[in-house]
Amino acid sequence: MKRTYICLLSLIVALSCAGKNKKPYTDIENAVSKAGSSAIADIYLEKGDYNGYYPVKHAKVSCANLSDDWQLAGFDKKFDSPAEIPTSADWILVRKPTSVQMAHFKAGKLPNPYVGMNSKLYEPLEKKIWYYKKKFTPAVAPTKNSTLYFEAVDYFTRVWLNGKLLGEHQGMNGGPLFDVGNVLKAGENELVVEVQCAHKGDRKNFDYQKPNKIIRPAAMGAGLGTEPYFTLGMWDDVRLEILPDVHLERPFLYTKKLNGNNATMTLELEIMANTSSAKTKTHLWKNTITYRGTSERDMKALSDRYEVEIALADKSGVAFKKRMALQLYENRNWFKTDFEVENAKLWWPVGMGEAHLYDATLTLLKNGAVEDTVKFKTGIRKIERRPTMGPRVLERWDDWQYSVNGKDLFIKGANWMVPDCLADLDEEKYRWLLDMAKNSNIQMLRVWGGGPFEKDSFYDICAEYGIMVWQDFTLWHQDLPLRPYNKWEEQVMLNIFRLRNNPAMAIWCGGNGFNPMSAGNTQYMGILERSLHFFDNTRPFVRSSSDAGNVHNYPDMDPCWYGRVFKYVPFISETGIHSVMNADNVRKVITDKNELNELGKMYEKWFASKHPQLMNHFVEYNPSRIPRMLSRASHIDDMNSPTLDSIAEATQVGSGEFYQIFSEQMQANSPFTAGLLPWVFTRSWPSFSAIMMIDGFGQPTAPYYFLKRTYENTHIAVLMPRIIWSGGDNVPFELSITNFGKIDSKTTAVLNIYNDKFEKLSTRNFKVGSFPEGSSLKKISAGEYAIPADYIDRFFFVEAILFDEDGKTISSSVYNLRSLKRALSAKSHKELEHFPIPYKHFYPWWTLKAGPWLKPTVKSAPKAELERKIVSQSCDGENCKAVVEIKNNSNVPAFMTQIKVDGAEKYYSDDNFFWFPPNTTKSFNVYWKKGNAPCEIKVEAWNSKK
């Protein structure tokens with residue numbers, strides 16, 4: 001037997017290491033060689049309480065939330081029992097679930113971890129053993145079916161209740177679950193939780209890319225832009241469920257079929273009879289054949305009369321109600337039924353209709369009386385997929401054209417990182433960010449596999465707003481032969497059961513950027529796929545991102561090339577360009593102002609050593625990447641010796657231009673391309689420089705607004721071969737109008753061309769027509785524009801406007817193109833026309849060290865006269881909103897118009913960094929959170945009068 005295992009493992013190693021000098025699985029081989037075949041269990045299984053059973057939240061008063069107000073203290077050693085823990089220790093109060101690190105900041109024990117080099121002060125916390133303690137009294141008398149569940153504890157855990165050790169656990173994204181029926185008291189109880197960091201105090205030797213048996217995401221484990229931190233602690237809710245002898249568990253309600261607005265729904269449900277959910281095992285791990293039918297258990301029927309009632313209701317009343325009789329037996333019972341809901345109100349993603357939610361109530365009745373109740377939100381919707389129109393050219397090619405409730409769509413989305421890497425997460429923070437996502441017409445957020453699963457409130461708000469969720473599991477650029485199977489399965493199943501009723505959940509994905517077929521990962525993928533097959537096969541499953549037709553791409557190229565290089569790519573699930581965080585927020589975290597000098601030299605070898613605070617806040621600092629960011633900025637402003645304000649604005653506008661054009665190019669590829677998820681909506685902490693739409697303070701950057709404008713339901717864009725030209729060139733234009741919805745109006749389009757003095761050089765009018773209901777794309781040849789031969793080292797602007805038949809603007813887009821002297825040469829023309837991805841051909845994106853620069857050019861143009869009027873303003877606590885009317889009382893456009901809220905903690909508006917046409921009046925919604933100073937709304941543009 002020993003020899004068989006060794007031969008099998010050796011074969012796996014040989015196959016996976018072909019062409020490599022180093023064997024990744026030598027630790028497995030060594031373990032098996034030393035301990036024999038029994039070592040297999042030690043390697044692939046982990047001791048502890050891993051049953052993968054997620055207990056549903058019950059609606060009765062007996063279900064208590066124990067999440068708040070814990071005492072916390074750290075020690076240099078473990079204790080065998082709570083009685084040994086010194087009561088005289090420096091205990092701090094933890095008001096809400098969070099990391100140990102953030103708890104210390106909120107208790108005033110350590111300074112702000114995100115400022116300067118303060119992160120260094122937090123490293124000693126990782127080396128201690130932490131103890132949480134709490135006293136509580138149950139609201140009702142305990143029953144034998146009482147359970148205690150921890151939504152998330154990071155990482156190694158032991159739990160005591162009333163001095164009794166309940167068990168041990170490890171993980172970060174769910175568990176442990178304990179049966180406390182024989183320990184819980186009717187009076188006062190004491191709960192003690194021991195927590196130890198995943199690296200057990202040895203961060204130096206922990207490699208988050210090769211974490212051995214540890215199952216945790218990179219973003220919370222000193223990696224990928226959060227290097228200063230390694231989280232630990234009890235960071236999500238704790239639930240006590242005191243349940244009746246017979247109770248409901250793990251309901252699954254989903255849409256089986258839609259026929260117009262008539263829905264066939266399926267309800268799957270478990271009913272526990274005289275047994276605890278915490279005692280339930282998913283299945284056996286040992287190589288044992290068992291009878292899986294009724295013959296292996298005593299079929300003892302319950303004598304009482306049981307019924308289950310399902311009700312769906314909304315503000316209009318009860319949409320459906322049905323009561324069904326049950327025949328129950330001792331222990332575990334499975335129930336499944338289909339039912340019809342007529343004239344259902346469907347759940348739609350953003351931009352497609354209302355995200356209608358029903359209140360689902362499941363009631364268990366015993367002899368006519370209510371015994372147990374479970375309530376949750378549900379939505380009636382059907383998400384399906386099929387192949388895109390383009391060629392399928394690789395193995396494992398997947399289907400990427402999605403439809404919701406029978407309607408096709410181009411998915412307009414973004415990637416999502418955990419909003420705070422130290423787990424300072426609550427509904428208010430989620431809602432602020434998701435409000436911005438909804439307002440930008442984002443239909444899908446991909447919860448990236450390098451971060452954790454989010455808290456329930458994130459998914460609940462997504463369901464409320466109509467934002468679909470692509471959910472990665474926590475695999476990230478790894479080949480992980482050592483992860484324990486049962487521990488991995490537990491984390492997988494707990495989150496499937498937790499999230500599967502949420503209508504926002506649209507796609508399950510194995511994780512980020514790994515090979516799902518590698519020898520080290522295939523077993524984990526098998527566990528994931530079988531779990532989804534049995535417990536949620538209602539949603540599409542993607543093995544890995546990127547894989548099977550979806551692309552991660554970060555080219556340093558003219559964004560116009562997206563329309564050609566990726567013409568047949570079904571789906572882009574990552575792409576983007578770096579920029580610098582908002583300047584005012586940089587000043588909040590960089591305390592040494594000398595570090596804000598020499599920013600134009602950040603690619604030099606000496607820069608990092610002279611700027612330690614910036615490096616501490618720099619994501620993916622790589623001297624080969626920095627010139628890319630600065631080269632784009634060098635088209636916007638002088639980057640030879642920039643100020644902080646200049647480099648922040650210029651890198652953001654340069655990045656924003658990239659986001660706008662690649663989004664328009666990919667949407668114009670429909671139906672070959674079916675979706676776009678740029679990197680990344682928000683950052684996990686205040687990063688000086690990163691790829692981002694929202695910075696670590698929750699403040700939008702320019703790329704957010706540039707992308708937002710392309711995500712409107714109906715959008716006009718100008719397609720062109722490139723954005724760099726030269727005098728004498730003929731520039732071909734094509735109008736692209738993407739639409740989802742129905743426009744009966746006879747629309748027209750206008751293409752305007754301006755010089756850099758905002759003098760109109762050309763106007764062209766086009767008949768577009770109406771748009772049928774559903775997703776549609778129209779393209780119109782818009783002719784060529786001949787750049788005058790002497791128009792050299794200058795900018796010119798292209799404006800496209802789509803009007804309805806009453807002359808009202810439906811959509812508009814603006815582009816700033818360059819006419820450069822450098823582009824006159826034959827060599828330069830070859831570079832621009834024949835090398836789509838320049839860095840692969842040693843032609844980097846052009847740097848304009850001597851100009852021309854967009855901002856100085858615009859500032860010297862004729863001035864626009866802007867007038868601002870506050871139409872209304874109100875505040876609800878810290879949250880404020882205003883309606884602002886802006887007038888351009890001049891004959892020239894206002895370029896890069898910005899609405900700012902001075903004194904606010906953070907703010908956003910309907911639009912920013914926008915072209916404001918002459919003699920125009922428009923109203924904008926502005927949102928902000930109060931800061932420490934009086935707030936004032938200001939409006940300015942690069943060429944506006946002071």
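**View 1. Cys935 lies beside a cysteine without bonding to it.** The closest cysteine sulfur to that of Cys935 belongs to Cys880, 6.3 Å away, too far for a bond, since a disulfide is a pair of cysteine sulfur atoms within 2.5 Å. Cys935 is partly exposed at 31% relative accessibility; buried means under 20% relative accessible area, exposed over 50%, and partly exposed in between (1.4 Å probe, protein chains only). The model is predicted: local features need pLDDT of at least 70 and side-chain atom pairs pLDDT 80 or more, while totals for chains, interfaces and linings use all residues. Residues are numbered from 1 along each chain as its sequence is written, and side-chain values use heavy atoms, leaving out hydrogens and water.

**View 2. Cys875 and Cys880 form a disulfide.** Their sulfur atoms are 2.1 Å apart, and the link is right-handed, with 105 degrees about the S-S bond. Cys880 is buried at 4% relative accessible area, whereas Cys875 is partly exposed at 40%.

**View 3. Helix H13 (residues 626-633) crosses helix H14 (residues 644-667).** Their axes, lines fitted to C-alpha atoms over the stretch in contact, come within 8 Å and cross at roughly 90 degrees. H13 is therefore roughly perpendicular to H14 (65 to 115 degrees between N-to-C directions, on a scale from 0 to 180). Helices are DSSP runs of H or I with at least four residues. Met629 and Leu630 are among the H13 residues that meet H14, where the residues met include Ile647 and Phe658; contact means heavy atoms within 4.5 Å.

Conventions. Helix = DSSP H or I, 4+ residues; strand = E, 2+ residues; numbered from the N terminus. Parallel < 35°, antiparallel > 145°, perpendicular 65-115°, else oblique.
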